[in-house]
Amino acid sequence: PHMPLTLKDVLYTILGNNLDIRISELSRQISRDQIEQAQGIYDVVARLSTEFQHSLGGSRSYSEDTRTRSWSTSRDVALLASLSQLMPSGGVASLAYSINRTGSISQSRRKANGEHTESESKSIRYLRALTAGVRQPLLRGFGPAVTNAPIKIAQAQAVISLEAFRQQVMVELNQALKAYWDLVFAMNNFDVQKLSLSQAQDLLRINTIKYETGMSPQTDVLQAQAQVASREEL
């Protein structure tokens, strides 16, 4: 059975089902994503860190009439939060806030002449600091050209991938157009060959009748038979 197939159907089928075009499109999408990845160097970087330190210490001393024992404990807790961002010049601007808490407890016991004495002291200190700074290289890595080089490279690669995608589409569509019109030509040529065969068969029939009635020589029949055989082969 015949199935209608327009040129538009062929082109849409090629664009939708061609594996090479799909691979080229995926490469183009990857190149676009790489631009966003390269631009990520300007993202703000946030850091949060904490430190904890605990220390214990003690001592004892003895004399003929006195005994003294003392010990101390301290705890230090530090919290640091910072934000930093790369600048086009290659420098890094930063803002940091820190809190440091230091707490200590000291105790001592003393025994002298049969009497006990104890003492204890506590202290807590808080230290807060807000700092801002800029670190700028002056030689290596200086300037927007160096900083933006990965972004420029990613953009150039995206343009190359786009042109490669367009070229792949044009190649596939050109092949599809050629195959479509080759098919049209083959079908029309087939109809022409059938018509030529029908004409050769009519000529053979006419020459055969003329030969049987004595109006034409046998060579005309043989030539007509040769033409029919040639048309059948085509």
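This is a predicted model: local features need pLDDT of at least 70, side-chain atom pairs count only at pLDDT 80 or more; totals for chains, interfaces and linings use all residues.
Me: What about H5, how many residues and what reach?
Reply: H5 takes in residues 218–233, 16 residues in total. From first C-alpha to last it reaches 23 Å, close to the 22 Å expected at 1.5 Å a residue.

Me: Which residues of H5 are buried?
Reply: Val221, Ala224 and Val228 are buried in H5. They cover an arc of only 65 degrees around the axis, so they sit on the same side of H5.

Me: Why would residues three or four places apart point the same way?
Reply: An α-helix has 3.6 residues a turn, so residues at that spacing point the same way.

Me: What do the buried residues of H5 pack against?
Reply: They pack against helix H4.

Me: And which exposed residues are on the face turned away?
Reply: Gln223 and Glu233 are the exposed residues carried on the face of H5 turned away from its buried side.

Me: Back to H4. Ser161, buried or exposed?
Reply: Ser161 lies in H4 and counts as buried, because its relative accessibility is 10% and the cut-off for buried is under 20%.

Me: What is Ser161 in contact with?
Reply: Ser27, Arg28 and Ser31, leaving aside neighbours of Ser161 within four places in sequence.

Me: Ile160, then: buried or exposed?
Reply: Ile160 is also a residue of H4. Ile160 is exposed, with a relative accessible area of 52%.

Me: How far is Ile160 from Arg28?
Reply: The two are 8.6 Å apart, C-alpha to C-alpha, and 132 residues apart in sequence.

Me: Where is Arg32, and what is its relative accessibility?
Reply: Arg32 is in helix H2, residues 19–39. Its relative accessibility is 38%, which counts as partly exposed.

Me: Changing topic. What lines the second largest pocket?
Reply: The lining consists of His2, Met3, Leu5, Tyr180, Leu183, Val184 and Met187.

Me: How many of those are nonpolar, polar or charged?
Reply: By class there are 6 nonpolar residues, 1 polar and no charged ones.

Me: What volume does that pocket have?
Reply: About 170 Å³ of space lies in it.

Me: On to the strands. Where is Arg101, and which residues does it touch?
Reply: Arg101 lies in strand S3, residues 92–112. Not counting residues up to four places away in sequence, Arg101 touches Arg75, Asp76, Val77, Ile124, Arg125 and Tyr126.

Me: How far apart are the C-alpha atoms of Arg101 and Ile124?
Reply: They are separated by 7.2 Å, and the residues are 23 apart along the chain. Arg101 is partly exposed, with a relative accessible area of 29%.

Me: What about Val92 and Glu115, how far apart are they in space?
Reply: Val92 and Glu115 are 64 Å apart, C-alpha to C-alpha, and 23 residues apart in sequence. Val92 is in strand S3.

Me: Which residues does Val92 touch?
Reply: Ser84, Gln85, Leu86, Met87, Gly133, Val134 and Arg135, not counting residues up to four places away in sequence. Val92 counts as partly exposed at 22% relative accessibility.

Me: Last one, Ser82. Where is it found, and which residues does it touch?
Reply: Ser82 is found in strand S2, residues 66–86. Its contacts are Val45, Ala46, Arg47, Leu95 and Ala96, not counting residues up to four places away in sequence. At 19% relative accessibility, Ser82 counts as buried.

Note on methods: Residues are numbered from 1 along each chain as its sequence is written. Side-chain values use heavy atoms; hydrogens and water are left out. Helices (H or I, at least four residues) and strands (E, at least two) are DSSP runs, numbered from the N terminus. The expected span of a helix is 1.5 Å times one less than its number of residues. Buried means under 20% relative accessible area, exposed over 50%, partly exposed in between (1.4 Å probe, protein chains only). The arc is that of the directions from the helix axis to the C-beta atoms. Contact means heavy atoms within 4.5 Å. On a 1 Å grid over the protein atoms alone, a cavity is a set of points where a 1.4 Å probe fits but cannot get out, and a pocket is an open set with protein on both sides within 12 Å along at least five of seven lines; lining residues have an atom within 4 Å of a point. Grid points are joined across faces, edges and corners, and a volume is the space filled by probe spheres set on the points. Ala, Val, Leu, Ile, Met, Phe, Trp, Tyr, Cys and Pro count as nonpolar, Asp, Glu, Lys and Arg as charged, and the others, Gly among them, as polar.
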